[in-house]
Amino acid sequence: MGVVHTVWFRPNAIATLKRVRWLVPPADGASGLDWLAFEQSGVLTVRQATAAVGEGKVRGLIRSGRWRAVCRGIVLVENGRLARDQQLWVAVLAAGHGAVLAGATAATESGVRGLRPDPIWVLVPAARARSQRLPLLPPDMPGVAVRRTTLLPTDQVQLGRPMRTTTARALIDAAAWARCDDEARTALAVGCQQRRVTPEELLAIVVGMPRVRRHALIVETITDIAGGAEALSEIDFLELCRRYGLPRPDLQERRRDATGRQRFIDVLWKRWGVHVEVDGAHHMDPRHWADDMFRQNDLWIEGERILRYPSWFVRRNPAKVADQLRRALIAKGWTP
């Protein structure tokens, strides 16, 4: 991916005021400045403003308080605190030519819910001078994190106000830049759960980014999301049983539920009535969750003991899984 630089700013507060002025296009006959301000939610570079009305007029508007000097090189064509859309524009314009929203910020702007709102993530071309720094940002801005990349093809950038990476690229970056592995998995899972992106779209992006941070984890998580429980192969689970001295289970056992519908049980020890479900991210969807709950209740009624694990947890914490399986089997009569 070629990320070579990160810059952090942690101002003191985030504006919460909501504005609707910049949602309504200017009237017919409006000036070029009006249209530019509309396109950029009232945030302009000093160069843009000067080209539109002249340097003297810009200074006068700022001195009179009608406009606000947000930071070096950036003005707001009104006064008051920055709304969220204006904060995004300040971040992108301050980052300079070629900057786009990225990571969790771009994904959120694409409609993905549940990701961290700050910092504002911005991606810039790696060819930009490394010595470039954002100006000192005002207190009513959240933190801004700037990442540089050598890999940002045009088909991974989409139109927006401001421009941003596509949802698939944004989620891959969000996973790579996350604070921990769990946050990385969550970013990928929620994007698919909310139908904002498909596992296939995510995979198409990450295969072209072999140097991205957490590459193996990201590919593994996408595979789990796409395949659910089946992503944990028979070999994986049988190896876990061999390693921890557990009896060999029956895998992908067919069974009909109370409604007559055929189901597949991921892992089952028939002799002891211990049943294991290995869940992919799709099980977190409310529709799947309710269906799984009723299926599990049917098995409980029949007297089976059921254990459930996310597929990533089985891979990352096999000792904990094996310990619970051992205790469940012993409780149902197995003698180690």
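Mentor: Proline 119 lies in the loop between α5 (103–109) and β6 (120–125); helices (H or I, at least four residues) and strands (E, at least two) are DSSP runs, numbered from the N terminus. This is a predicted model, in which local features need pLDDT of at least 70 and side-chain atom pairs count only at pLDDT 80 or more, while totals for chains, interfaces and linings use all residues. Residues are numbered from 1 along each chain as its sequence is written, and side-chain values use heavy atoms, without hydrogens and water.

Trainee: What is the omega of the cis peptide bond from aspartate 118 to proline 119?

Mentor: Omega is near 5° for that bond. Most peptide bonds are trans.

Trainee: How do you know whether serine 41 counts as buried or exposed?

Mentor: Its relative accessibility is 3%, so serine 41 counts as buried (under 20% relative accessible area, with a 1.4 Å probe and protein chains only). Serine 41, in the loop between α1 (32–39) and β2 (43–45), also has a positive phi of about 55° although it is not a glycine. Most residues other than glycine have a negative phi.

Trainee: Why is arginine 214 called buried?

Mentor: Arginine 214 has 14% relative accessibility and therefore counts as buried. Its phi is positive, near 65°, and its place is the loop between α8 (199–206) and α9 (215–227).

Trainee: What makes α6 and α7 roughly antiparallel to each other?

Mentor: Helix α6 (residues 167–177) and helix α7 (residues 181–193) pack at about 160°, with axes 7 Å apart; axes are lines fitted to C-alpha atoms over the stretch in contact, and angles run from 0 to 180 degrees between N-to-C directions. The pair is therefore roughly antiparallel, a term for angles over 145 degrees.

Trainee: Which residues of α6 and α7 meet?

Mentor: Leu171, Ile172, Ala174 and Ala175 of α6 meet Ala184, Ala187, Leu188 and Gly191 of α7, contact being heavy atoms within 4.5 Å.

Mentor: Helix α2 (residues 46–53) and helix α3 (residues 55–64) pack at about 115°, their axes 7 Å apart.

Trainee: Why is α2 called roughly perpendicular to α3?

Mentor: The angle makes α2 roughly perpendicular to α3, as that class covers 65 to 115 degrees. Ala49, Thr50 and Val53 of α2 make the contact with Glu55, Lys57 and Val58 of α3.

Key:
Parallel < 35°, antiparallel > 145°, perpendicular 65-115°, else oblique. Buried < 20%, exposed > 50% of the residue type's maximum accessible area, 1.4 Å probe, protein only.
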